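Me: I'm new to this one and would like to learn how to read it. Could you walk me through a few features?

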Amino acid sequence: MELSRLCEMQGISGREELVRMAIFRECAEVLGEENVKIDRVGNVIAHKACAKADAPRVMVAAHMDEVGLMVINAADDGLLQVRNIGGIDPRVLVSKRVKVGYDVPARDGKPAQEALSGVIGAMAIHLQSAADRKNVLPIENLYVDIGAKDKDEALAKAPEGTPVTFDTPSSPIGDGCLLCKAGDDRVGCYNLLRLLHAEVTCDTWFAFTCQEEVGSRGAYGAAFRIQPDVALILEGTTANDAGDPDETQKVCRLGKGVAVSFMDKASMAQPELFAEMMKLAEGSGIAHQVKMAVAGGNALGIGFPTSRRHSLAQGAGCGPKVCVLSVPCRYIHSPSTVLCLEDVEAQYLLAKAYLTR
């Protein structure tokens, strides 16, 4: 499956069904349907056994969901009221095109469904006061316009609970980069699907998890179900390398390879595993860098406030070793993420080198 196609799929937290079914079908095609399960919360878990009797149990995980919005009501004039699903900066929302509802192809005798086109609106700048223009409008003061004439029409077309996703087609940008939505973490899912074909030397479990952006709720069940010795998390992470930030504020850099984390707000890498990954990347000639700032979380970190965050994987059962391998992303959690395809390849190569060494 192409990365651009995965990124264009709609799947906010808790509504990952389109992504989930596409991933399930591809896993079943490679490993056989008997080796792929969808658990109750909506994770896709695929298993690839190893011939070695004493092979370590390794889980490789990436999350399927993306940030977005959800309809909660409509005003009398037909404008939809929405709430944030995941961490979105309200400053990136105004005037962005969105899809309200999901594009669902026809299947099993059911007709195709087409998402509604919409735009995120706010009070016109001509009507704002000087004080208004100095403040960021909270999501509570924004709305989605689908052209409905009144509240009844709006809610008939987009009832409460309808998912809203950014309408961003994937496209090449610059020299070897991709402009897309949902790079966090469809890039990890893309590489996880590629790893299905690897000749692994460990008992390998591939976990495509749900609801990461609202607290890693799916990963909690996946980690306890698999009980791994080692957990590798394939993520997209903020880069913060554009413009002129202070050097200490740069998290990682596009085009410099996969970012290996020693620590983030959700987990701490097991020191020996972190050192092993760095040595493996160096010895294999794989472009890599250290994630320099303790920023962001990962697919296996529970979403408590920072002071209480901890890694679900590290707290699951026997307490596995954990390491996070990330692709740097500019403008993460926005309608337009930019990532470097060489970094995507580096993430895949390092994960593959570990699973097959």
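This is a predicted model: local features need pLDDT of at least 70, side-chain atom pairs count only at pLDDT 80 or more; totals for chains, interfaces and linings use all residues.

Me: How many aromatic pairs does a search of the whole structure find?

Reply: Rings of Phe, Tyr and Trp (its six-membered ring) pair if their centres lie within 6.5 Å; planes under 30 degrees apart are stacked, over 60 edge-to-face, the rest tilted. Here the search gives 2 pairs. Tyr-220 and Phe-224 are edge-to-face because their planes are at 65 degrees, with centres 5.2 Å apart. They sit 4 residues apart in helix H6 (residues 217-226), so about one helical turn separates them. Helices (H or I, at least four residues) and strands (E, at least two) are DSSP runs, numbered from the N terminus.

Me: And which residues form the other pair?

Reply: Phe-262 and Phe-274, also edge-to-face, at 6.4 Å centre to centre and 85 degrees between the planes. Phe-262 is in the loop between strand S14 (258-261) and helix H7 (271-284), and Phe-274 is in H7, so the pair ties together parts 12 residues apart in sequence. Buried means under 20% relative accessible area, exposed over 50%, and partly exposed in between (1.4 Å probe, protein chains only). Phe-274, at 18%, is therefore buried, while Phe-262, at 33%, is partly exposed.

Me: Where does the charged end of Arg-357 sit?

Reply: A charge sits over a ring if NZ of Lys or CZ of Arg is within 6 Å of the ring centre and within 35 degrees of the ring normal. For Arg-357, that ring belongs to Tyr-354, 4.3 Å from its centre. Likewise, Arg-194 lies over the face of Tyr-348, 3.8 Å from the ring centre.

Me: What about the largest nonpolar core: how many residues are in it?

Reply: A nonpolar core is a set of buried Ala, Val, Leu, Ile, Met, Phe, Trp, Tyr and Cys residues joined through side-chain atoms within 4.5 Å. This one has 58 residues, and Leu-325 and Tyr-354 are among those touching the most other members. Helix H8 (residues 341-356) gives the largest share, 8 residues.

Me: Last one: how do S4 and S5 run?

Reply: Strands pair if DSSP finds at least two bridges between them. Strand S4 (residues 68-74) and strand S5 (residues 80-85) run antiparallel, joined by 6 bridges.

Definitions and conventions
Residues are numbered from 1 along each chain as its sequence is written. Side-chain values use heavy atoms; hydrogens and water are left out.
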